[in-house]
Every structure is written in structure tokens, then in C-alpha cells.
Amino acid sequence: MNGKDKKLFTPGPLGTAPSVKEAMLRDLGSRDIEFINLVKRIRSKVLDVAGVCPSEYTCIPIQGSGTYAVESVFQTAVSKQGGKALILANGAYGKRMAKICEVIGIPHHIEVFSEDSKVRVETVEGILKGDKSFTLVGIVHCETSSGVFNPVEDVGQVVKKYIPDVSYFVDAMSSFGAVPLDFKEGGVDYMVSSANKCLEGVPGFSYVIAKLDKLLKCKGNSRSLSLDAYDQYINLEQSSQFRFTPPTHTMLAFNQALKVFEEAGGLAGRAKRYKDNRSILREGMRKLGFKEFLDSSHEGYIITSYRFPNDPNFDFKEFYSRLNEKDQVIYPGKVLNADCFRIGNIGYLFPEDMQHLLKCIEEVCRNMNIHLPIQN
Ligand SMILES: Cc1ncc(COP(=O)(O)O)c(C=O)c1O
């Protein structure tokens, strides 16, 4: 192997198990029966992780990163005639949904909530009481820019109460497989995630879980050829083939990642490891004096935003580089109203990795003459 793995405490790309990387070390043709069966297995296992039934839902892999799957849902689920989206945004990824609508030309309303709090169900109810013309409502499950978890099931219930036929779309990119999501309770019609998030495959493809009765009405909606999830679904069902070159190596890795996931206790096992990571980080950072962006009632365990310390010697670029030299990769902030950096707990990270990161952060602070514990 060339070089050494870095520890990625980021929202992605994320670290992966050695066996997942090893699974990629072979070539396989797209028409090989082994590959065809592998794709079928992956599609079915993803539905198992979601806890939904194959007679009601389907899984559609989409080549490309997570944004490709998000965009493919807007392309596919929103009709060119009379389609209109309501986007509930409390961070960068909610806003990206609105950007997608803008670029494609989908009429939409974006309701912007504060970045440090959840999407408010009462506000959504107020909007829907006044306007029932929406055909799709989009929300992010874990808003990865801050780490906040949105009450997607509660919002879904209100959405379906006011507009029963609407398509309810949850971007569960950074939460799927580690944070429970009840499709039935929330009336979820579309969900997206990607290979290299909590299921810990390597990056390269994303996937849509779609409710079949909704999806089957979407023929001809897409303004894009490659992002048409309906067409992708039809091809996979009818010929067991992707329409365009499939990510064969990435799917081999993902198949192994799903095996690792099951052996480690499925969603409950993954949630426990990430929660343990989060507790160690939270406690250690608190001792060093770092302040979280979200208040203490925040229960998210995917990623944490920390405010820049109020110390004249703190410089994020230098802090980042010094940690990087120690093979510890953290991430810049993505909230707009505060200077923050982020530390993720997801991917192939374990409690001992969190402890080692804390040791490195302490060393770097001392080397930068940042007074500890930080006084904010
Ligand atoms: C909630 C959410 N949505 C969308 C995306 C975009 O995914 P990608 O960067 O893989 O395109 C991300 C990325 O982290 C995310 O966390």
C-alpha cells in the first residue's frame, strides 16, 4: 500500500475498514452474473437497513456523490407541469436543495430556520395551512453543517395531514444506517444517502430509496438524462443493468461494508459506536475548554461543530495543519453565523481514535501557545 491512512474526523470522505478496501482489489465486468447478483443483493440489503418492504419501496443506486442522488430526486419526483417544492432548511444542505431547484427551474419556497435549532413543526404546519400547492416537501435528517437532528417523522406527519398526495423527501445522507428513521411513521416517499457515510463503503455512488407507488408515476419528469431515477430503476429491473458504466469497484467495497455492518450489530451497533465516540469527544473537548456551537440539549451524534476559541494565538489553518501532520484530519465549519470547525464521529473510527485525537488537540494547542483550558 502507498502511504498511510489518515484518521478522518470529517463529514466525508470517511475512513473505511481494511476489508472494505481489500474487496475492491479486483476487476469485474458489468454484465458478469456475479456483478448482477451483487447489485441485487446491495439493493435488497439497503431496504433491510431502512426497515422497509420491497413490495412498497425500491433502492436505486445512482453513480456519483450524494448530491447526485439529491438532485435525481428533484429531477424525478417533481413534475414539469405544476410541480412545486417546499424546502425546509436549517443549514447548508437544506439550502443546497433550494439551489438545485433554482438551477433546474423548479418553482419552490425555501423556509429558512436558524442553524442552531431544529426545523419547527409548528412553522411547517403554518405554511401548509396557507398553501397546499406543494407537490414535494424536502428536509435534511442530520444537517451535517451543524450536526443538528431534525424531527423528520413529526414533520412528515404534518406534511401528509395537509397534503396527503405530496412526495415527502428526506435527505438522510449522514444519518442513514446509524440514526433510526421510521419511513412509515414519517410517511417518507423518497430518501437518499451515499456509499461512504454511515454504511462505511468507499465514495463513488449514492442511492435513492423510493416508494414504488410514487416513483411509478414519474415517467418523463426528469429534465436530466443521467439523473433520471425512474429510468435508472426501470433499466435495473428490466435488464439488471445500469444505463451507464456502473461503479463496479465501489460496489464490491459496499457489499463488504454491508457485511461488516451486519456483523457489527446493524443500525443499533453502529449507533452505539458513534454515540460512544461522541461521548468521549464531548467530555474531552469540554475539559480542554472548547465550546460546542449547539446548546447542551442537542442529542446529535454524527458530527459536532465547535466554536473557534477566543484566544489570540488560535488560527484555524495552523491548527488544522498541525493536526494533519499528526494524521488527524478535522474539518472547517459550515455554519454561516459563527466561526466554527467540525469533528465527525462517523466512518471507521473507534473510541481509541477519539482519545488519540483529543491527545493530539491538546498537544497542538500547547505548541500554539493556546492557554488551556480555553477561557471563552
Ligand atoms: C446531509 C447532506 N446532504 C448532502 C450532502 C452532499 O453529499 P456529497 O458531498 O457526497 O455530494 C452531504 C455531504 O456531506 C450531507 O451531509
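The structure is a predicted model, in which local features need pLDDT of at least 70 and side-chain atom pairs count only at pLDDT 80 or more, while totals for chains, interfaces and linings use all residues. Residues are numbered from 1 along each chain as its sequence is written.

R342 is found in strand β14, residues 340-344 (strands are DSSP runs of E, at least two residues, and helices are runs of H or I, at least four, numbered from the N terminus). R342 counts as buried because it has 22 C-beta neighbours inside 10 Å, the cut-offs being 20 or more other C-beta atoms for buried and 12 or fewer for exposed, with C-beta atoms placed from the backbone. Leaving aside residues up to four places away in sequence, R342 touches P11, I303, T304, S305, I330, Y331 and G333, a contact being two C-beta atoms within 7 Å.

Around the ligand stand 13 residues, of which S65, G66, T67, T144 and M173 come nearest (a residue is near if its C-beta atom lies within 6 Å of the molecule). Helix α3, residues 66-77, gives the most to this shell, with 3 residues.

In α9, residues 229-239, the buried residues are A229, Y230, Q232, Y233 and L236. Seen down the helix axis, these fall within an arc of 165°, so they line one face, the arc being that of the directions from the axis to the C-beta atoms. On the other side of α9, Q238 and S239 are exposed.
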